[in-house]
Every structure is written in C-alpha cells, then in structure tokens.
Amino acid sequence: MLLRMLEEASVLLWASLLVLAAPVSGPLAAVYKSVISVQPPWTTVFRGERVNLTCSGFHFYAQEKLQGYRWFSGKARPHETPGNTLEVRDSGQYRCQAPGSLPSNPVHLIFSSASLILQAPYSVFEGDELVLRCQKRGREKLAIVKYTWNRKIISGTDESFDLLIPKASLNNSGCYQCIGFLENAYVLKTSQINIQIQELFSRPKLEVTDSQPIEGKPVNLSCGTQLPLERPDTRLHFAFFRDNGVMISNWSGSPDLQITAIWREDSGSYWCGAETVTGGIHKRSLPLQIDVQRIPVSGVLLETQPQEDQVVEGETLVLVCSAAKGTGNTTFSWHREDTRESLGQKSQRSQKAELEIPVIRESHAGRYYCTADNGYDLIQSQAVNVTVRSIPGIKRSLVAGGTTGGSLSILLAVALLFYCWHQRKPEMSLSQSLGPASRIPMAPLSTGDGFQGDIIRRPLTVGSPGPFNPMCPAPVELQQLYINVHPRERDLVYSEIQISQPGAEGEANTFRTSLENQHVSIVYSEVKTQL
C-alpha cells in the first residue's frame, strides 16, 4: 500500500515539474499527459448501461516504461490492459496512463437510477457544438421538455428533447437542468449539472525582447498561447497590431515577428491576436507599451577627400560629415565659414553623409564646417581649412590648347579662301586679258638696279561663273594691282611664292617667285588684290 502511494506521488511530481517547465510560446500543447475519452460521450447514464473509456498517449516521457495501459479508479489498485480501451459499469472517477505518457486528468461517470436524467458531454471547448439530452427511463414518454440555465427557462419544445447550441462559448458555462412533462401532466426534474466550457486556447500574451529598445536595433515580438491536452492539433493564426488596430503583420501560422530595425516613431502600444484557421474563435492579448530610445548626436567631424592640404584645382572635393554617436533620422548641413554660405543639406537615417563639389577652383579655398541634428541639439564640427593647389602645367596646357585651336581656325579659313579663289579662277591667262587700250600710264618704278618698268592697273577678267558653291561667297568684281618690273617678259609661269618677314629696316613684305625658266631677273615686287 505504501509502495503504491509513493509510486503515484512520484508520477504526479514528474507531471507537475514537466508542466511547469513547458514554454508558453506559440500554439504548444502540454503533451505530457495521457488523454481519456468517453463513448457514448455522456458522463451520466442509466444504471445497467455500459461506457467505454479510451486512453491516448503522446509518447513523450514517463518515469517507468509500461508494457500496456494502466487504469486508475478511486482507491482501487491500478490495473493494466493490453489495449487502450476499458469498459466500465460503475460510478466513479477514472484516469488512465498510456505508455510513454503521464496519467490523464480524471473523468467522473454517474450511473443513475433516477427516472429522468440530463446527459451532457464529458468535455466541451469553445466553438464546439453543445448538445444536452433529457432522457426518461421506462415506457412512458415525455410530452414536453424544458431546459433551464442558471434557473432560467431557455427552451421549451414538443418537437425535440435535445438542447442544441451550435457554437459554444465561455458564456454558455453554468448550471443546466431538464424539466419533463408527461402526458398525464406529471412533471419530472433532473438534478442540476454544472457544465464548464473550456478554452480552446488560452488568451495570448505578447512578449518582447526589449520594451525600451535603442533606435535602429532589432526587436522580436512573440504571441504566446497554449492548447489543451485534448486538442493539440488545433491550427491557429497570429497577427500583430499597434495603437488603434494598425496591423503591422499579416495573419500567419507563426507566433513570432521580428522588426529588423525599430525607430522612435514606432513607439506605441502593441498587442497581438490569435484565432482559429476557420476564424470561429478570436482572442487578443493585453497591450504592451514599447518606448524606443533615441541617442542624441555627438562627436560631429568634418573630413575631406582628398585631405584638406592635398586638394588640386580641377579635381573633385568630397566633404564627409560624420557623427560618432546618434540614431534615427539625422539632418546634415555643410557651410563655408568665411562667406557664411550654406553649401547643402541632407536628411537620412545614417551617422555619415557626403557632399561633393565636382570641380574645385582656387576660389573654393577657405574654412568649412558641418552640423548634425537628430531632434535634440544642433551639433557643429570643428572647421577645416581647405587649401587649393594649382599646377602651372594645367594652365599652360589650356593656353596651348587655345593657341592651337586658334591656329587651326586660321589655317582652315585660309584653306577655305584658297578653295573659293580656285573655284573662281579666270579661264583666260592674265597676259591674254590685257590689251593696249587698257594700259594706263603711271609713274615709272625704279627697282634700284637702274631698270624702270611700267605700272599697269587693269580690271580682272573672270570666266563665266560656274555653279554656285555654298561654301564660297558670291562672285564680285575684283581689281588686281601689280607692278611688273620687266613688262617685256610675258607668258611667264610662277611655280612658287615665298613670304619673307620684314627686316630690321622695316621693309614691306614682298612676294618673291622662282621662275620655271630660271629668269630670276624678272620679279614681281608687289602683288595686291583689292575689292
């Protein structure tokens, strides 16, 4: 006897320790105990009837390994059966223990000898269909049946003797009684029975890793609940909300939510909801306040890339403003100290921001500083002196480039004029275009060697105009002035014209030619073309 009591006490101790150690996070059931079921499902039957009990286990852990199923009934000695069912005929409290599991919760059965009984199921959960049945023993039948709930009549019918509640809730718990009316107006009443509707799952509880997190840090939310032993496979969905029902996650099968980075504007009251997949049962947790902490800006520093004493004119200068500490949305501003000029501003969730000056000039040299503000105080950095170095070679290259460009422009212009002149070249030679009547006597020109020549002035005779060339200007009448030192020499061909620079005496430019017939004594001393 003492050994049996110690054995039962040891089993109960293990059960208590395991249940207390069970985590309450998500839809976890305490699957450590066996579960007993009743068939037919009523806890009250007439004497002489039979009830079958079924024991189910979860094979989690037990102190001793059982070969069969163990049954407990009141103070009677436990006995084992090879199968998981047991037929009973006597009133009493029954428990069972499956292999690998702990003993189940007790079920109380009543085998009644009364004339009228009220039958109720062994266990009813939220959302279940609740059926109460009023039964009379013997051949005489009931004419009318009424049901009371907490001493109030809730139903009266002559068509059905059953009370049906399609979807039970916790509010349906209470004391029920059946009143039967016989055809001879005789009234029968059952004993009152207490029916307790059980929670399908406990009210969820919202837990957070840190209720006062630092801004920008991750935060984990968990919506914890528990399922009953009899319904471990109930599927639930979870969702998380903030303040006035603002949903921050969709409904899903996961009871956990990770906020990768939480900000001060995310502060507020949070709660979670859990519901069955069918949506029949919905519960919400109590609110939980989360206050996000912001770290003020400090240690503001301005740096340059390249460094302030290595800035070269024409290159890119980057001003980097950073804060050693500070969270949240920070506003960075850049300023020039000597001119009080604001160069730019950026707002971002970062401890560093950059401002780029694409092309730096000597005029950009000076002292610069930056500021940072995340809603507390405006913090200013130390000023940095930026020195801009110029490389003379760069300027010479620019000047040389400009000179080269100007020279090319002049050469192109000369080439274009030569091309246009060639396009309008007269068909007749210059000597054939001159006639005696057109000769105009002028003062003789002395060449310096005792030879005198004539000065001839005659309009230039051009051939018939060719097709219009858009690159050349329209034809105009030209006057050609030339001085022929040797008028007797005609039909001379000039193969080369050379330009000589003026001498020290300031002599005028002359065009000297070398003749194909090598008559070097015949020289054009001056050739002019006048519009």
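Which residues are linked with Arg50 in a network of salt bridges? The network joins Arg50, Glu87 and Arg89. A salt bridge here is a side-chain nitrogen of Lys or Arg within 4 Å of a carboxyl oxygen of Asp or Glu.

This is a predicted model, in which local features need pLDDT of at least 70 and side-chain atom pairs count only at pLDDT 80 or more, while totals for chains, interfaces and linings use all residues. Residues are numbered from 1 along each chain as its sequence is written, and side-chain values use heavy atoms, with hydrogens and water left out.

The count comes to 13 salt bridges. Three of the pairs are listed here.

| Pair | Closest N to O |
|---|---|
| Glu87 and Arg89 | 3.9 Å |
| Arg231 and Asp128 | 2.7 Å |

Glu87 is partly exposed at 42%, and Arg89 is partly exposed at 44%.

Arg231 and Asp128 form a salt bridge. The pair links distant parts of the chain, 103 residues apart: Arg231 is in the loop between strands E21 (219-227) and E22 (236-242), and Asp128 is in the loop between strands E11 (124-125) and E12 (130-136). Strands (E, at least two residues) are DSSP runs, numbered from the N terminus. Arg231 is partly exposed at 27%, whereas Asp128 is buried at 18%.

Glu199 lies in the loop between strands E19 (197-198) and E20 (205-208) and Lys283 in strand E26 (residues 282-284), so the pair ties together parts 84 residues apart in sequence. Glu199 is partly exposed at 37%, and Lys283 is buried at 12%.

Technical notes. Buried means under 20% relative accessible area, exposed over 50%, partly exposed in between (1.4 Å probe, protein chains only). Helices (H or I, at least four residues) and strands (E, at least two) are DSSP runs, numbered from the N terminus.
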